[in-house]
Amino acid sequence: MYTAQLFIISIAIIIVHNNVLAEDNPEECETLPSELHIIKEEFDELGRLQRTCNGDIAVNKCEGACNSQVQPSVITPSGFLKECYCCRETFLRERMIALTHCYDPDGVRLTSDKLATLEVKLKEPADCKCFKCGDFSG
């Protein structure tokens, strides 16, 4: 009986200690600007390369830290209850971007209005927050 009470008191101390740590380290999951170098190849109906376009594009990304914890548990087979949270997008925004450096299969820069630019559809995070890891319903 004394051992069981000691175990319960230990668990309570660990839970209180974890809650104090969570308050000291607030979640910092945010949407930040970043830059991607995108290369897109375009082929004709026979599969022959028609042009290659590229560009450096400003896009949003999710970055940061989320509070997670591991605590003892008599219910779980491993003996520990794990609560993991990950920083990821709440939803994606779709937008069109223009790749303005286009080249023919020989590497010659294309300058005609029709071929010098390629429009590409891109999805990027519109906002980010902490989600339970593995939960893709958000």
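Cys53 and Cys102 are both buried. In this predicted model, the two residues are joined in a disulfide whose sulfur atoms lie 2.0 Å apart. The link of Cys53 and Cys102 is right-handed, with 115° about the S-S bond. It connects distant parts of the chain, since Cys53 belongs to strand E2 (residues 49-65) and Cys102 to strand E6 (residues 101-103), 49 residues apart.

The disulfide of Cys62 and Cys128 is left-handed because the torsion about its S-S bond is about -80°. This pair also links distant parts of the chain, with Cys62 in strand E2 and Cys128 in strand E7 (residues 118-132), 66 residues apart. Cys62 is partly exposed at a relative accessible area of 23%, whereas Cys128 is buried at 7%.

For Cys84 and Cys133, the torsion is about -50°, so this disulfide is left-handed. Cys84 lies in the loop between E4 and strand E5 (85-99), and Cys133 in the segment after E7, 49 residues apart. Cys84 counts as partly exposed at 36% relative accessibility, as does Cys133 at 28%.

Ser73 is located in the loop between strand E3 (69-72) and strand E4 (80-83). Ser73 has a relative accessible area of 15% and is therefore buried. A polar atom of the Ser73 side chain lies 3.1 Å from the backbone nitrogen of Ile75. Leaving aside residues up to four places away in sequence, Ser73 touches Gly79, Phe80 and Leu81.

Technical notes:
Residues numbered from 1 in each chain as written. Predicted model: local features only at pLDDT ≥ 70, side-chain atom pairs only at ≥ 80, totals over all residues. Heavy atoms only, no water. Helix = DSSP H or I, 4+ residues; strand = E, 2+ residues; numbered from the N terminus. Buried < 20%, exposed > 50% of the residue type's maximum accessible area, 1.4 Å probe, protein only. Polar contact = N/O pair within 3.5 Å; in protein donor to acceptor, adjacent residues only side chain to side chain. Contact = heavy atoms within 4.5 Å. Disulfide = S-S within 2.5 Å.
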